[in-house]
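I opened the model to look up a few sites and wrote down what I found. The entries follow in the order in which I took them.

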Amino acid sequence: MKLFSAHIEDLRSLYISNLKKALDMEQKIAKSLPELIESASDPELANAFRLHLDETQGHVSTVESILRNHIGEAATETCKVINGLSTEASDTIKDATDPTIRDIALIGAAQQVEHHEIAVYGTLRRWAEILGHDEDAALLESIEAEEENADAVLTEIAGRVNLEGADTPAVRSRSVA
Ligand SMILES: [Fe+2]
Ligand SMILES: [Fe+2]
């Protein structure tokens, strides 16, 4: 039985295919972050999204350069996970009418994306090491560190915003009922 498609027959092809998916993922995140910046009411949260947009544009360039180095072009393959996470995020933003609750929803959605990115880069970095692409591994590790930092910043902001959210009229009325 054939386990992989014709294009993925060894670790190198798997590595390249997943780099292409990572590029698609980063391009889509770079496209969606301006919407998150617009939707955030908390200035610290909007700023965190703004800073991570800059970093994300750097991730796009880095993954592009790794791909060009290996296959001569910055090609993409569809990352289905980011499509799903983006749809979830847009629905939540649309549905959350209270600004604080919307901020909480935005943090939750963004952290799901960061966790996915951390998993993607952790895996790619290990494969790069196994394949002997030490330069790639160092670049992928630095992206992974920025994703981890973005996640940590969001956790910190969530600590404060979640408490504010617990005091919104919607939540208060629910606890009284
Ligand atoms: Fe990223
Ligand atoms: Fe990220």
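This is a predicted model: local features need pLDDT of at least 70, side-chain atom pairs count only at pLDDT 80 or more; totals for chains, interfaces and linings use all residues.

Residues are numbered from 1 along each chain as its sequence is written, chains are lettered from A and ligands numbered from 1 in the order in which they are written, and side-chain values use heavy atoms, with hydrogens and water left out.

Entry: Thr92.
I looked up the side chain of Thr92 and found one of its polar atoms 2.7 Å from the backbone oxygen of Glu88. Thr92 sits in helix H3, residues 80-95; helices (H or I, at least four residues) and strands (E, at least two) are DSSP runs, numbered from the N terminus. Thr92 is partly exposed at 31% relative accessibility, where buried means under 20% relative accessible area, exposed over 50%, and partly exposed in between (1.4 Å probe, protein chains only). I also took the C-alpha separation of Thr92 and Ala109, which is 8.3 Å for 17 residues along the chain.

I listed the donors, meaning N, O and S atoms within 2.8 Å of the metal (3.2 Å for Na, K and Ca); water is not among the atoms, so sites may look incomplete. Glu26 is buried, at 0% relative accessibility.

Entry: iron ion (ligand 2).
Which residues coordinate the iron ion (ligand 2)? I found His52 (NE2), Glu114 with two OE atoms, Glu117 (OE) and Glu147 (OE), at 2.0 to 2.7 Å. The donor residues are spaced H-x61-E-x2-E-x29-E in sequence. His52 in helix H2 (residues 43-71) and Glu117 in helix H4 (residues 99-131) are 65 residues apart, and the pair links distant parts of the chain. His52 is buried at 6%, and Glu117 is buried at 0%. Glu117 bridges the two iron ions, ligand 2 and ligand 1, which lie 3.5 Å apart.

Entry: Thr62.
I checked Thr62 in helix H2 and got 19% relative accessibility, which counts as buried. Contact here means heavy atoms within 4.5 Å. Beyond neighbours within four places in sequence, Thr62 is in contact with Leu139 and Ile143.

Entry: Trp127.
Trp127 lies in helix H4 and is buried, with a relative accessible area of 18%. Leaving out residues up to four places away in sequence, I found that Trp127 touches Leu11, Leu14, Tyr15 and Asn18.

Entry: helix H5.
I compared the end C-alpha distance of helix H5 (residues 134-165), 45 Å, with the 46 Å that its 32 residues should span at 1.5 Å a residue, and the two agree. The expected span is 1.5 Å times one less than the number of residues. H5 bends by about 30° at Ala158, the bend being the angle between axes fitted to the seven residues ending there and the seven starting there.

Technical notes
A polar contact is a pair of N or O atoms within 3.5 Å; within protein, one must be able to donate a hydrogen and the other to accept it, and residues adjacent in sequence count only if both atoms are side-chain atoms.
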